[in-house]
Each structure stands twice: as C-alpha cells, then as structure tokens.
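Please read the numbered points below with the model open beside you. Each point takes up one part of the chain.

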Amino acid sequence: MRVLLSGGGTAGHINPALAIASKLSERYPDCEFLFVGANGRMETELVPKAGYPFKSITVKGFSRKLTPKGIAHNLSAAYHAVASGQDCSRILKEFKPDLCIGTGGYVCGPILRKAAQKGIPVVLHESNAFPGVTVKMLAKAAKVVCVATEEAIPRLPEGTNAVVTGNPLRDGFLNFDKTTARAELGLDERPFVLSLGGSLGALKINELMAQVLTRAADDRAVCHLHATGKAEYDEFMEKLAANGAALADSGIEVRPYIDDMPRCMAAADLVVCRCGAMTTTELLAAGKPSVLIPSPNVAENHQFYNAQALVHKGAAVCIEEKDLTADGLFETIRALTADPAKLFSMAQNAKNAAITDAADRIADVIDEVLSARG
C-alpha cells in the first residue's frame, strides 16, 4: 500500500501526520509513505528526521489584510497555487498513492485537491475545535474528516462525513505515574503548578508570570515550574531579579524549555498554558486541570475554541489575553491550588473527556475507506 500524507506549518499539523504514519506502519508493515510539505516550513526538518521520504512544493497561505503588502502577498500566493498544480500532478503520477491523508495547513490544499480530482481517496484530520480554512475547503471532497472534538463537526460544511477520533498523542503522556514523577522532580507536598507559553514562549504570559512568580516566592504556598521559551529566558530572569524575587529554596524553578514534558505534566496539580490542539489533547490525556490563555494571534481564533471545549467539559478555566492581569492570574492560581476538591473534579472531568486511542480510531477509518475502495 502507498500512502501520501500532507500537512505542515506547525507541529499541530505535523505531529498528527507522523503519528498516523506510525500506526499505519504497525498495521501495514509493507506500507510505503511519502510526505508532501511546503518549502521552508518546519516539516522540511521534522519529517525527514522521523525517517520518512519527503517532497516539498512552493505554496503560500493567503493574507487576510487588504493592505498593499497583503495584496502583493496574495498575488504571489495565487501564482504559486497555480504553479504548484503541475508539481502536485507530477508527484501523484510518480508515487501512485492508494490513499492521501491531510492534517491541515495550506500546503494540503493543492495536493489533496488534485488527488480528489484524480479519484484517489482522501481522508482529513482536523486537530482543532474550530476547523482550519484548508480542511473546510477540502471537507466535501474527502471520504471522511476525522475531528478531535465533537465541537468541530457543526463548523464543517453541511454534508461532510465527519467522525470524532481525537488527536494522536506523543509517546509518554499515558505512562507516567504522578507520585513517581513528583519524586523524580524533587517536589515536596505543596501543590505543583506548571506554566508555559509554548516552545517559543509567549511574551504576554512571560510579562505577567514574572510578577506572579515574584508573589509566589513570597507566598510559598505552591511549587512552580515556568518555561519562558529559549529566546526570552535571560530577559525573564532579569525581570525577576529586578522585582527582588527570592527564588532560593522557594520551590520555584524557571527553565528556558521543558524537554521532559510528560514527566512534568504528570507531576502537575495545575497547568497554565496556551491552548493549541496538541496541548489540550495532552492535558486531557494526563487528566490535568488547567488555566488556558488562548493566543489572540492565530488563524480564526482557534485556540479560544479549543479552550472552550475544555471549559464546557469542566476541565479548565479560560482567561482571554485581553482580560489577563498579573493579580488576576495569581489569584486564579491561588484559589484553584487551595481547593483540592475543585482540582480533583477538574482532573476527573479531563480524564473522562480524553480520547487516548486516537491513532487506532483514525487507522480504523482508513481501513474502512480502503475496504470500500476494494
């Protein structure tokens, strides 16, 4: 069997594709894969690093800003959209896939549209509660759209064949024991708060968290680990020093990056973070209460909808960035960590909402599509 996968631009599009490929390799040991991504995006590094063949096409997303710069960008994007059609036809002709899978990002558009036109079955996966533009454009041409949450289904075009599968997880999030993780991190009996703004950090969260940690160092009611992002670590530590934060023996740690996330999340009593699709999936799988701060700088405000999906399940509190203050964030963290019953209820709600076999569910969908083709 030959499977072409396309998705990129962010880890939230790439990691699900890699997880699906891994699961299909288990079920179909002789399966051949080809990933198609965009020139210059992170998939050009992540996919070959994972050991899969990769081809790139030159495509650009469209700007929504009708400024001279935005219009010029869109003219270039339109040109590449047309020009990439020939590359897509060549790739499909050479690889001859039995199935094409798309996981989001504008790179999916040209290759999957061309595949559908040629009668090659297409399966899509949408990781966010608010589907992206490309998935919505391709939805009716797909045999099935696999979605992470049921909230995504009414936001797809009418008549879309959609099924809830969840998001495939990275290894490790289901295997860590909380007691063991806490011991390995050297934590005491106080509640443990984990906070981060993503691998690159988040300027607004860091600005406020410097004040939160200064107060927490005096309060000493919790242990707290904050990740600043590598680019902002030095400036963050300078702010703490300027604030007079006494971190020594306070139970507070600051890192530029967390490279043992499954362990840290397993140990946490509360997580404060952005709410990208994979982050919210990991929070549910780990059964973690969370304070979610959606990024306002993402397409279609999709992080807000991801957050609301967890809020409606009773697993999270959402604070939009426009409403965020250092005092408000500190008091929210303080109130939750001082209420074990509330944290326990939120943790149970998270666990109950988790889908931990998403890769298998998606593989089952693919099995059905292939069986229907004969």
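**Notes on the model**

1. Valine 144 is found in strand β6, residues 144-147; helices (H or I, at least four residues) and strands (E, at least two) are DSSP runs, numbered from the N terminus. This is a predicted model, in which local features need pLDDT of at least 70 and side-chain atom pairs count only at pLDDT 80 or more, while totals for chains, interfaces and linings use all residues. Residues are numbered from 1 along each chain as its sequence is written, and side-chain values use heavy atoms, with hydrogens and water left out.

2. Is valine 144 buried or exposed? Valine 144 counts as buried because its relative accessibility is 10%; buried means under 20% relative accessible area, exposed over 50%, and partly exposed in between, with a 1.4 Å probe and protein chains only. Not counting residues up to four places away in sequence, valine 144 touches Val122, Val123, Leu124, Asn161, Val163, Val365 and Val369, where contact means heavy atoms within 4.5 Å. Asparagine 161 is 17 residues from valine 144 in sequence, and their C-alpha atoms are 5.1 Å apart in space.

3. The chain as a whole comes next. The secondary structure of the protein chain comes to 14 helices and 13 strands. The radius of gyration is 22 Å, close to the 21 Å that the globule rule gives for 374 residues, so the protein chain is as compact as a globular protein of that length. That radius is taken over C-alpha atoms, and the globule rule is 2.2 Å times the number of residues to the power 0.38. Along its principal axes, the C-alpha trace spans about 65 × 50 × 35 Å.

4. Of the 374 residues in the protein chain, 52% are buried. Taking contacts between residues at least 6 apart in sequence, 65% join residues at least 24 apart. The accessible surface of the chain comes to about 16900 Å², and 51% of that surface belongs to carbon and sulfur atoms; accessible areas come from the Shrake-Rupley method with a 1.4 Å probe, and for residues only the protein chains shown count as cover.

5. Helix α1 covers residues 11-27, which makes 17 residues, and reaches 24 Å from its first C-alpha to its last, close to the 24 Å expected at 1.5 Å a residue. The expected span is 1.5 Å times one less than the number of residues in the helix. Which residues of α1 are buried? They are Gly12, His13, Ile14, Pro16, Ala17, Leu18, Ala19, Ile20, Ala21, Lys23 and Leu24.

6. Helix α4 spans residues 108-117, and its buried residues include Cys108, Gly109, Pro110, Ile111, Leu112 and Ala115. Just after α4, glycine 119 takes a positive phi of about 80°.

7. Two other residues with a positive phi deserve a look. Most residues other than glycine have a negative phi. Lysine 96 is not a glycine, yet its phi is positive, about 55°. Lysine 96 sits in the loop between α3 (68-95) and β4 (99-102), and counts as exposed because its relative accessibility is 56%. Aspartate 249, also not a glycine, has a positive phi of about 60°. The loop that holds aspartate 249 lies between α8 (233-243) and β10 (252-255), and at 75% relative accessibility aspartate 249 counts as exposed.

8. Asparagine 306 lies in helix α11, residues 302-312. Why is asparagine 306 called buried? Asparagine 306 is buried because its relative accessible area is 3%. Leaving aside neighbours within four places in sequence, asparagine 306 is in contact with Asn128, Ala129, Phe130, Cys275, Gly276, Ala277 and Thr280.

9. Alanine 267 is found in helix α9, residues 261-267, and counts as buried at 0% relative accessibility. Beyond neighbours within four places in sequence, alanine 267 is in contact with Lys178, Ala181, Arg182, Leu185, Leu187, Phe192 and Lys288. Threonine 179 is 88 residues from alanine 267 in sequence, and the two are 7.1 Å apart in space, C-alpha to C-alpha.

10. Threonine 337 lies in helix α12, residues 326-337, and is buried, with a relative accessible area of 8%. Its contacts, leaving aside neighbours within four places in sequence, are Pro191, Val193, Val222, Leu270 and Leu343.
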